[in-house]
Amino acid sequence: MFCNIKNEKSGPGSGKGTQCEKIVAKYGYTHLSSGDLLRAEVASGSERGKQLQAIMQKGELVPLDTVLDMIKDAMIAKADVSKGFLIDGYPREVKQGEEFEKKIGKPCLLLYVDAKAETMVKRLLKRGETSGRSDDNEETIKKRLDLYYKATEPVIAFYEGRGIVKKVDSELAVDDVFAQVSKAIDAL
Ligand SMILES: Nc1ncnc2c1ncn2[C@H]1C[C@H](O)[C@@H](COP(=O)(O)OP(=O)(O)OP(=O)(O)O)O1
Ligand SMILES: Nc1ncnc2c1ncn2[C@H]1C[C@H](O)[C@@H](COP(=O)(O)O)O1
Ligand SMILES: [Mg+2]
């Protein structure tokens with residue numbers, strides 16, 4: 001089966017990466033995080049990486065073509081061996097969803113990992129104590145959240161009409177959130 005599962009719209013610090021790790025362990029899907037792909041480019045020290053770092057540090061979105069090309073290349077590299085793709089952190093805005101469908105395909109499930117703004121801020125500040133992520137600081141977290149509500153929330157309406165959106169309550173403990181995630185995947 002080929003299946004793209006996305007976990008946007010889900011805010012920064014809602015627990016996307018945490019749930020993706022558990023999905024990979026249980027279902028064996030290929031996890032592709034747009035943020036991780038971008039951070040790998042930054043870590044490479046390339047000129048493009050330096051430009052990306054400046055954008056991410058400010059809590060802004062990197063250009064659509066850059067992130068979509070990275071995801072597409074990563075998917076092509078794993079296409080032969082993958083059971084299906086779990087795409088974490090994309091689309092961040094409706095236009096990204098439209099372009100994904102034109103260039104790659106339609107997702108079969110959109111997991112909406114829902115947490116309150118205050119919970120997301122608390123989790124990100126805590127994660128920032130050890131993550132080494134330059135965007136896990138108070139000022140950038142505020143910008144990321146503002147952008148999430150402005151640009152990413154509308155993504156839900158884009159997919160809702162197709163009946164593929166499953167919302168999980170990420171205020172709960174990690175394993176309780178995962179029980180809801182598993183139910184959504186098992187229903188595919
Ligand atoms: N259900 C939960 N209960 C308590 N803590 C949680 C829960 N889920 C995740 N966390 C913790 C783990 C991390 O330290 C932090 C953020 O989780 P994480 O999975 O990294 O979020 P994310 O991937 O949505 O954030 P980002 O968008 O910044 O990458 O919160
Ligand atoms: N899909 C994306 N479009 C634009 N910019 C992105 C995308 N995914 C990640 N980014 C940039 C901007 C984010 O603040 C950082 C970190 O992403 P995260 O998913 O929180 O790891 O990367
Ligand atoms: Mg993450």
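Ala117 touches Leu145 and Tyr149, when residues up to four places away in sequence are not counted, a contact being defined as heavy atoms within 4.5 Å. This is a predicted model, in which local features need pLDDT of at least 70, side-chain atom pairs count only at pLDDT 80 or more, and totals for chains, interfaces and linings use all residues. Residues are numbered from 1 along each chain as its sequence is written, chains are lettered from A and ligands numbered from 1 in the order in which they are written, and side-chain values use heavy atoms, with hydrogens and water left out.

- Ala117 lies in helix 6, where helices (H or I, at least four residues) and strands (E, at least two) are DSSP runs numbered from the N terminus.
- With a relative accessible area of 30%, Ala117 is partly exposed; buried means under 20% relative accessible area, exposed over 50%, and partly exposed in between (1.4 Å probe, protein chains only).
- Although Ala117 and Ser14 are 103 residues apart along the chain, their C-alpha atoms are separated by 8.7 Å.
- Ser14 belongs to the loop between strand 1 (4–6) and helix 1 (16–27), and Ser14 is buried, its relative accessible area being 0%.
- Leaving aside neighbours within four places in sequence, Ser14 is in contact with Val113, Ala115, Met120, Arg123 and Ser170.
- A polar atom of the Ser14 side chain lies 3.4 Å from the backbone oxygen of Val113; a polar contact is a pair of N or O atoms within 3.5 Å, and within protein one must be able to donate a hydrogen and the other to accept it, while residues adjacent in sequence count only if both atoms are side-chain atoms.

**Annotated site and ligand 1**

- The UniProt annotation "binding site", from an unreviewed entry, covers Gly13, Ser14, Gly15, Lys16, Gly17, Thr18, Arg127 and Leu172; UniProt positions are given in the numbering used here, feature names are shortened, and annotations may be inferred rather than shown by experiment.
- Of these residues, Gly13, Ser14, Gly15, Lys16, Gly17, Thr18, Arg127 and Leu172 are included in the lining of the largest pocket. On a 1 Å grid over the protein atoms alone, a pocket is an open set of points with protein on both sides within 12 Å along at least five of seven lines, whereas a cavity is a set where a 1.4 Å probe fits but cannot get out; lining residues have an atom within 4 Å of a point.
- Ligand 1 is surrounded by 18 residues, of which the closest are Lys16, Thr18, Arg127, Arg144 and Leu172, a residue being near a molecule or strand if one of its heavy atoms lies within 4 Å of it.
- An oxygen atom of ligand 1 lies 2.9 Å from a backbone N or O atom of Gly17, and a nitrogen atom of ligand 1 is 2.8 Å from a polar backbone atom of Leu172.
- A polar side-chain atom of Arg123 lies 3.2 Å from a nitrogen atom of ligand 1.
- Arg127, found in helix 6 (residues 117–128), counts as partly exposed at 31% relative accessibility.

- The buried residues of helix 3 (residues 47–57) are Gly49, Leu52, Ile55 and Met56. They lie on the same side of helix 3 because they cover an arc of only 120° around the axis, the arc being that of the directions from the helix axis to the C-beta atoms.
- On the other side of helix 3, Glu47, Lys50 and Gln51 are exposed.
- In helix 5 (residues 94–103), the residues Gln96, Gly97, Glu99, Phe100 and Glu101 are buried.
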